[in-house]
Amino acid sequence: MKWSGNRLFMIEFASLFSGSSGNALYIEHKDTRILIDAGVSGIRIENALLSIGKRAADLTAVLVTHEHSDHTSCLGVMTRRYNLPIYINRGTWNHVKNFIGKVNEANIYHFNSNEEFTLGDFKVNPFSIPHDASDPVGFSFFAENKKITTATDIGHMNDDIRKNIENSDLLLLECNHDLRMLENGSYPYPLKRRIKGDFGHLCNDHTSQTILELARKGQRRFLLGHLSHENNYPELAFKTVAGCLIDNGFEVGKDIELEVVLRDQTSQLYFI
Ligand SMILES: [Zn+2]
Ligand SMILES: [Zn+2]
């Protein structure tokens, strides 16, 4: 069978799971197949990959954003089961190594935050984000003159993040909570304060403002992720961001592609 067209050289991306209950994303280009975070069970990741026609055994590496368990709970299992290299910065590794069980040290590769590195067919830029973890990052992936960025667990937006997420051909951005739902919800006060704080999570309104700024600069493709189970729901997150864009003259679904990626459901495979 012969490959036709330029299908072979596209970047493929999917959200396997995204939300405060567990995270795992997937990106592929040529022979490089990367899992970003491993925060649900191994079997769920394996099945999610199968649902988009991929196999966990074919993964090249797993990249880790930060140590919170919704991003790392099956990191040990995945690296042991598939002899999978882990790319992680030292700050995150120093926390993670104490709770993921025995792993082959030869599979641990350290990157430095804010320093680009090469991983197979991608250049990867791990950029710092403000969050209550030791050295948390988002990732931009570069290949074929395209840029795909994933950025969640963001306490507040700042100019460094704006610079790193702009000009992305696809951006997955956190849209964690609705402020009114959080304030009126059942969480204890210290937890509410943590989520709202400068090192917590990005609310729907701040995500809307950020996406509006990017849309005004010509950015077109957005996924909303890491939704809170308690303090948000997919329709509300979408309505808030889409409403902000529409109020400012954009046609969502025409000028702008906007979708929510879900906590417990694997997205389609996006081709970029
Ligand atoms: Zn998280
Ligand atoms: Zn976190």
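This is a predicted model: local features need pLDDT of at least 70, side-chain atom pairs count only at pLDDT 80 or more; totals for chains, interfaces and linings use all residues.
Helices here are DSSP runs (H or I) of at least four residues, and strands (E) of at least two, numbered from the N terminus.

Next I looked up who touches whom, contact being heavy atoms within 4.5 Å. H1 brings Gly42, Ile43, Ile45 and Glu46, while H3 brings Met78, Arg81 and Tyr82.

Then I went to the metal. Which residues are the protein donors of the zinc ion (ligand 1)? They are Asp70 (OD), His71 (NE2), Asp153 (OD) and His226 (NE2), at 2.1 to 2.2 Å. A donor is an N, O or S atom within 2.8 Å of the metal (3.2 Å for Na, K and Ca); water isn't among the atoms, so sites may look incomplete.

I noted that Asp153 also bridges to the zinc ion (ligand 2), with the two zinc ions 3.5 Å apart.

Buried or exposed: what are Asp70 and His226? Both are buried, meaning under 20% relative accessible area (1.4 Å probe, protein chains only).

For my own bookkeeping, residues are numbered from 1 along each chain, chains lettered from A and ligands numbered from 1 in written order. Local features need pLDDT of at least 70 and side-chain atom pairs 80 or more, totals for chains, interfaces and linings use all residues, and side-chain values use heavy atoms, without hydrogens and water.

Key
Buried means under 20% relative accessible area, exposed over 50%, partly exposed in between (1.4 Å probe, protein chains only).
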